[in-house]
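Visitor: I have a model open here and would like to talk it through. Could you walk me around it?

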Amino acid sequence: MDELDLTAAESNATYEEIKDYVLKQSGLKVSNLYIAQVKQKCGIIERANYNLSKLENFRQPKCPPEKETAIRKALEHFHMI
């Protein structure tokens, strides 16, 4: 293994670390939902969500483009994408 290779634990940042990085770099506050949506778009596998709405047509807010860009930069910073 090369010295520059990261272990799986080192390459995963917590949601709080991502939130802090985005806030410091861009001044935007992001939610866990937005982070999860961007991670899903990037192909990062998350665990199953067991806290689903029981309503038939519930609406979930979508991540705005400027926040998506900031979260992507954070994921790149933490070598997750």
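Predicted model: local features only at pLDDT ≥ 70, side-chain atom pairs only at ≥ 80, totals over all residues.

Visitor: Which elements does the protein chain have, and in what order from the N terminus on?

Guide: The protein chain has four helices and zero strands, so that, by the way elements are numbered from the N terminus, the run reads α-α-α-α.

Visitor: And how much of the chain is buried?

Guide: Of its 81 residues, 26% count as buried, while the accessible surface of the chain comes to about 6,600 Å², with 51% of that belonging to carbon and sulfur atoms.

Visitor: OK, helices. How do α2 and α4 cross?

Guide: The axes of α2 (residues 15-26) and α4 (residues 65-77) come within 9 Å and cross at roughly 115°, and the crossing is right-handed.

Visitor: Which residues meet there?

Guide: From α2 there are I18, Y21, V22 and S26, which meet A70, I71, K73, A74, L75 and H77 of α4; by class, that contact has seven nonpolar, two polar and one charged residues.

Visitor: Switching to the largest nonpolar core: which residues touch the most other members?

Guide: That core has 16 residues, and those touching the most other members are I18, V22, I71, L75, F78 and M80. Two or more residues each come from α2, α3 (32-41) and α4, with α4 giving the largest share, four residues.

Key: Residues numbered from 1 in each chain as written. Heavy atoms only, no water. Buried < 20%, exposed > 50% of the residue type's maximum accessible area, 1.4 Å probe, protein only. Areas by Shrake-Rupley, 256 points an atom, 1.4 Å probe, with all protein chains shown as cover. Axes fitted to C-alpha atoms, helices over the stretch in contact; angles between N-to-C directions. Left-handed = near helix turned anticlockwise from the far one by under 90°. Contact = heavy atoms within 4.5 Å. Nonpolar A, V, L, I, M, F, W, Y, C, P; charged D, E, K, R; others polar. Core = buried A, V, L, I, M, F, W, Y, C linked by side-chain atoms within 4.5 Å.
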